[in-house]
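Open the model in your viewer and get ready to select residues. Each stop tells you what to pick and what is there.

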Amino acid sequence: MRDYPLDFNQLFNFSLSCPYESHLKDDPLLTQLNTLKVKLNFPAVTDDVGSLLGFLVQLIKPEVIFEMGSGYGHSAYWYREASPFIKNIYLTEKRDDLKEHFEHLPWPEDFYKKLDYFQGDAFEKLKEVASLDFLLIDGVKADYLEFLKQALPKMNKGSLAFIDNSYWRGSFLDSSVKKQSAIKIKELHSFLQNESTVKAIFLPFTDGVTLITKLS
């Protein structure tokens, strides 16, 4: 029997200490991105999640990346090493006070040209995109499922979707929780269990990551 309180943050702190990414600590761009995260009190991706994003992008070599919930572009930083393969990165953010921060960051010029930042509803921007190879869903949790449904027809065979915070601290497992976000996260997992066009895997990493590959 456990004789100590279960602390979620302590349980997953191990993933914040990756021994392979120490060289990134001296990167001026990453330093500014992490400084903004504190200054704006914004839930941007942590370095461990970012490292996983970068690793996956390098593996699949996507031409088109689309993000739902980009903040000031923090997650885009992790795509840079796969930049030679990337043609377009669509960043979307509902908050209207973050684009100016994105524009004033010291992005490498060649990489910056690939970034298309849209301040507004990701659903609207998605209508403009014909196909995509990599999808990051990390915005309003209650919108996850509907956004995925609209994005799936645009995802190429073999493309990958990365859904962050898909455990949502386990709230969706508690039937007494009536928050819309928890209900919708539960519906998301139910949908993925029964959707024949994709294969999904859940990673118990930070607050949960769900990876989805398009089969057809």
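Predicted model: local features only at pLDDT ≥ 70, side-chain atom pairs only at ≥ 80, totals over all residues.

Residues are numbered from 1 along each chain as its sequence is written, and side-chain values use heavy atoms, without hydrogens and water.

**Stop 1: strand S7.** Select residues 209–214, strand S7. Strands are DSSP runs of E with at least two residues; helices are runs of H or I with at least four, and both are numbered from the N terminus. Five of the six residues in S7 are buried, so the rest of the structure largely encloses this strand. Buried means under 20% relative accessible area, exposed over 50%, partly exposed in between (1.4 Å probe, protein chains only).

**Stop 2: its partners.** Strands pair if DSSP finds at least two bridges between them. Find aspartate 164 opposite valine 209. Valine 198 has lysine 214 as its bridge partner.

**Stop 3: aromatic rings.** The whole structure holds ten aromatic pairs. Select tryptophan 107 and phenylalanine 111: their ring centres are 6.1 Å apart and their planes at 40°, so the pair is tilted. Rings of Phe, Tyr and Trp (its six-membered ring) pair if their centres lie within 6.5 Å; planes under 30 degrees apart are stacked, over 60 edge-to-face, the rest tilted. Tryptophan 107 is buried at 8% relative accessibility, and phenylalanine 111 is buried at 3%.
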